[in-house]
Amino acid sequence: MTLMKSWVDSANSSETPFPLNNLPYGVFSTAAAPARCGVAIGDQILDVEACEQAGLISMNGALSTASWNAVMGAGQAAWADLRARLIEILAAGSSDQAAAAPFLIPQSDAQMHMPFAVSEYTDFYAGRHHAENVGTMFRGAENALPPNWLHIPIGYNGRASSVVLSGTDVRRPWGQLKGPNDDVPRFAPSARFDIELEMGAIVGTPTQGPISVDQADANIFGYVLLNDWSARDIQAWEYQPLGPFQAKATATSISPWIVTAAALDPFRCMTPAREVELLDHLKDTGPMLFDIELAVTLAPKGEAASTIARTNYNEMYYSAAQQLAHHTSSGCAMRVGDLLGSGTISGPEKSNRGSLLEMSWGGKEEILLENGGARHFIEDGDTLTLTGAAKGDGYQIGFGDCVGTVLPALSDPYGEAS
């Protein structure tokens with residue numbers, strides 16, 4: 001597919017993340033108006049709540065709330081109809097240009113908000129390079145992957161309350177730590193705070209009982225960039241035998257725009273070849289991953305950012321559809337707005353690693369920054385930014401940056417928190 005032309009001039013550049021091909025969904029406010037649903041087009045936002053009130057769009061009031069959950073709950077046919085109508089309104093030569101133009105707001109004048117209400121949050125461990133790197137560090141190369149890893153997408157239930165919008169500061173957490181040389185555990189701020197470069201899939205259609213991989217794929221409304229902030233020293237002490245808990249509960253940042261599955265369709269690709277045949281409920285039925293280029297930058301306070309990793313979503317071993325299908329296999333009901341984290345997306349080279357844990361090989365190697373500095377893990381004042389885009393013929397499908405700045409730990413977490 002090539003660039004689709006719009007009467008919004010800024011949408012016709014190969015550099016914009018928001019061409020007519022994309023039309024991602026967000027929630028925004030301005031000084032003059034409260035939070036409402038909007039669609040990114042070039043450097044503008046189309047106020048779709050106002051469009052519905054003016055009769056340009058018909059969604060039975062689903063756009064009149066500061067959340068996209070009602071649209072998700074309207075079902076797949078409604079999703080397709082809305083996207084088709086938005087393309088019709090915003091395409092070059094549209095007869096709706098004069099009516100819609102007053103509802104454009106510059107993105108520079110807008111403040112972004114959470115685009116949807118997160119019902120529940122599940123995070124997976126479904127990137128093979130990441131799993132092999134971490135497993136090799138802690139168990140040796142011969143035992144890098146757990147015995148079940150090539151058979152099922154491993155995951156854990158996280159906290160929906162931890163999910164925050166890009167731009168929200170993240171406070172370094174306190175936790176119980178016990179290092180290899182400690183006789184007893186201690187309560188202290190995390191010294192090995194980290195990120196995980198992930199994609200988040202948003203469930204749009206509720207389910208009751210098991211669904212197939214194909215049904216799961218159709219049920220995914222869209223995708224966001226996701227940063228699973230992780231306290232590695234807290235995790236190392238707590239994770240056996242039941243896995244991550246407080247190490248993952250500080251924050252999970254997401255990008256501000258929901259990129260629809262429909263916008264990503266031209267970038268579908270297959271999962272890797274299977275060395276172990278999957279059981280029927282997880283078997284690949286077609287291309288359900290996406291070719292999305294991803295990057296991580298780190299900017300020390302007051303200094304320029306350094307790119308510390310580049311990878312691609314196509315490195316995942318399990319697709320979001322397989323993750324969702326497996327999630328439902330026990331009869332687990334899924335809700336509108338459930339969020340599924342992909343797991344850390346790393347590639348085969350050192351420059352492709354999606355966490356500082358891997359980049360520094362457990363803190364043993366320096367991560368060199370472009371300003372001459374170095375890191376092993378995140379320091380106070382560091383700003384971490386995740387970026388991503390699917391690249392087409394003269395256009396790209398972007399998500400908006402996923403940004404978080406780490407603040408120092410509270411000096412007295414109970415006194416100050418209370």
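Strand 1 (residues 25-30) and strand 2 (residues 33-41) are antiparallel partners, joined over 5 bridges. Two strands count as paired if DSSP finds at least two bridges between them. Helices (H or I, at least four residues) and strands (E, at least two) are DSSP runs, numbered from the N terminus. Strands of a sheet pair through backbone hydrogen bonds, either parallel or antiparallel.

This is a predicted model, where local features need pLDDT of at least 70, side-chain atom pairs count only at pLDDT 80 or more, and totals for chains, interfaces and linings use all residues. Residues are numbered from 1 along each chain as its sequence is written, and side-chain values use heavy atoms, with hydrogens and water left out.

**The first sheet and its helix**

In what order do the 5 strands of the open sheet stand? The order is 4-3-2-1-5, with antiparallel pairing. Strand 4 (104-106) and strand 5 (111-113) stand at the edges, each with a single partner strand, so one side of each has no neighbour in the sheet. From one strand to the next, the twist averages 45°. Axes here are lines fitted to C-alpha atoms, for helices over the stretch in contact, and angles run from 0 to 180 degrees between N-to-C directions.

Helix 3 lies across strand 1, strand 2 and strand 3 (44-47). Helix 3 runs at about 60° to strand 1. Contact means heavy atoms within 4.5 Å.

How far apart are the end C-alpha atoms of helix 3? They are 21 Å apart. Helix 3 has 15 residues (residues 76-90), and at 1.5 Å a residue it should span 21 Å, which agrees. The expected span is 1.5 Å times one less than the number of residues.

The buried residues of helix 3 are Ala78, Trp79, Leu82, Arg83, Leu86, Ile89 and Leu90. They cover an arc of only 135° around the axis, which puts them on the same side of helix 3. That arc is the one of the directions from the helix axis to the C-beta atoms. An α-helix has 3.6 residues a turn, so residues three or four places apart point the same way. The face turned away from the buried side of helix 3 carries the exposed residues Ala77 and Asp81. Buried means under 20% relative accessible area, exposed over 50%, and partly exposed in between (1.4 Å probe, protein chains only).

Strand 14 (residues 220-228) is mostly covered, with 9 of its 9 residues buried.

| Partner of strand 14 | Bridges and sense | Residues standing opposite |
|---|---|---|
| Strand 13 (residues 197-203) | 7 bridges, antiparallel | Alanine 201 and tyrosine 223 |
| Strand 16 (residues 252-254) | 3 bridges, antiparallel | Asparagine 227 and serine 253 |
| Strand 17 (residues 259-260) | 2 bridges, antiparallel | Tyrosine 223 and valine 259 |

Tyrosine 223 stands opposite alanine 201 and also opposite valine 259.

**Residues to look up**

A cis peptide bond joins glutamine 240 and proline 241, with omega about 10°. Proline 241 lies in the loop between helix 7 (232-238) and strand 16.

Leucine 23 is not a glycine, yet it has a positive phi of about 55°. Leucine 23 sits in the segment before strand 1. Is leucine 23 buried or exposed? Leucine 23 is buried, at a relative accessible area of 1%.

Tryptophan 361 also has a positive phi, near 50°. Its place is in the loop between helix 10 (356-359) and strand 23 (367-368). Tryptophan 361 counts as partly exposed, at 22% relative accessibility.

Aspartate 401 lies in the loop between strand 26 (396-398) and strand 27 (402-407). At 41% relative accessibility, aspartate 401 counts as partly exposed. Leaving aside residues up to four places away in sequence, aspartate 401 touches Ser166, Ser255, Pro256, Thr385, Leu386 and Thr387. Aspartate 401 and phenylalanine 377 are 24 residues apart in sequence and 21 Å apart in space, C-alpha to C-alpha.

**The whole protein**

The protein has 11 helices and 27 strands. Of its 418 residues, 55% count as buried. Along its principal axes the C-alpha trace spans about 75 × 50 × 40 Å. Among contacts with a separation of 6 or more, 71% are between residues 24 or more positions apart.
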